[in-house]
Amino acid sequence: MRIAAPLPAGAQAAWNQRLTEALYAARPMLRDELQRGAIHPPRFEWVGSGRLEINPRTGKLKPIIDQRMTG
């Protein structure tokens, strides 16, 4: 997941853990799928707002960008 938010230095690891726990609380089956080896663990990429993808026609942020097959 790509997140554009300012973080204090050294805060990424704690926020990554909090987000992971929230994700598993909202979708408990993800933990089971991870343990079975069916999915990868969640990864978070903290970026500046300029690195988020927008729709070139509307200028709105794209809510979901599927990059599974991009390597």
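Accessible areas here come from the Shrake-Rupley method with a 1.4 Å probe. By that method, the accessible surface of the chain comes to about 6,100 Å². Carbon and sulfur atoms hold 55% of that surface. The model is predicted. Its chain contains two helices and two strands, in the order β-α-α-β along the sequence. The radius of gyration is 14 Å, well over the 11 Å that the globule rule gives for 71 residues, so the chain is more spread out than a compact globule. A search of the whole structure turns up three salt bridges.

**Overall shape and burial**

- The C-alpha trace spans about 40 × 30 × 25 Å along its principal axes.
- Of the 71 residues, 8% count as buried.

**Charge**

- The chain carries 11 positive side chains and 6 negative ones.
- The centres of these two sets lie 7 Å apart.

**The network around Glu-45**

- Arg-2, Glu-45 and Arg-51 are linked in a network of salt bridges.
- Glu-45 pairs with Arg-2 through their side chains, at 3.2 Å from N to O.
- That pair links distant parts of the chain, with Glu-45 in strand β2 (residues 45-47) and Arg-2 in strand β1 (residues 2-4).
- Arg-51 has a relative accessible area of 48%, so it is partly exposed.

- The side chains of Arg-36 and Glu-33 meet in a salt bridge, at 2.6 Å from N to O.
- Both residues belong to helix α2 (residues 29-36). They are three residues apart, so about one helical turn separates them.
- Arg-36 is exposed, with a relative accessible area of 61%.
- Glu-33 is partly exposed, at 27%.

- Met-1 sits in the segment before β1.
- Met-1 counts as exposed because its relative accessibility is 54%, and exposed means over 50%.
- Leaving aside neighbours within four places in sequence, Met-1 contacts Leu-23, Arg-43, Phe-44 and Glu-45.
- Glu-45, one of these contacts, is also a member of the salt-bridge network.
- The C-alpha atoms of Met-1 and Thr-58 are separated by 22 Å, and the two residues are 57 apart along the chain.

- Thr-20 lies in helix α1 (residues 12-26).
- Thr-20 counts as buried because its relative accessibility is 16%, and buried means under 20%.
- Not counting residues up to four places away in sequence, Thr-20 touches Pro-42 and Phe-44. Phe-44 is also among the contacts of Met-1.
- Ala-11 is found in the loop between β1 and α1.
- Ala-11 counts as buried too, at 15% relative accessibility.
- Ala-11 and Lys-62 are 51 residues apart along the chain, and 26 Å separates their C-alpha atoms.

**The loop between α2 and β2**

- Ala-38 lies in the loop between α2 and β2.
- The relative accessible area of Ala-38 is 43%, so this residue is partly exposed.
- Ala-38 and Leu-19 are 20 Å apart in space, C-alpha to C-alpha, and 19 residues apart in sequence.

Note on methods: Residues are numbered from 1 along each chain as its sequence is written. This is a predicted model: local features need pLDDT of at least 70, side-chain atom pairs count only at pLDDT 80 or more; totals for chains, interfaces and linings use all residues. Side-chain values use heavy atoms; hydrogens and water are left out. A salt bridge is a side-chain nitrogen of Lys or Arg within 4 Å of a carboxyl oxygen of Asp or Glu. Helices (H or I, at least four residues) and strands (E, at least two) are DSSP runs, numbered from the N terminus. Buried means under 20% relative accessible area, exposed over 50%, partly exposed in between (1.4 Å probe, protein chains only). Contact means heavy atoms within 4.5 Å. The radius of gyration is taken over C-alpha atoms; the globule rule is 2.2 Å times the number of residues to the power 0.38. Lys and Arg count as positive and Asp and Glu as negative; His and the chain ends are not counted. The place of a charge is taken as NZ of Lys, CZ of Arg, CG of Asp or CD of Glu.
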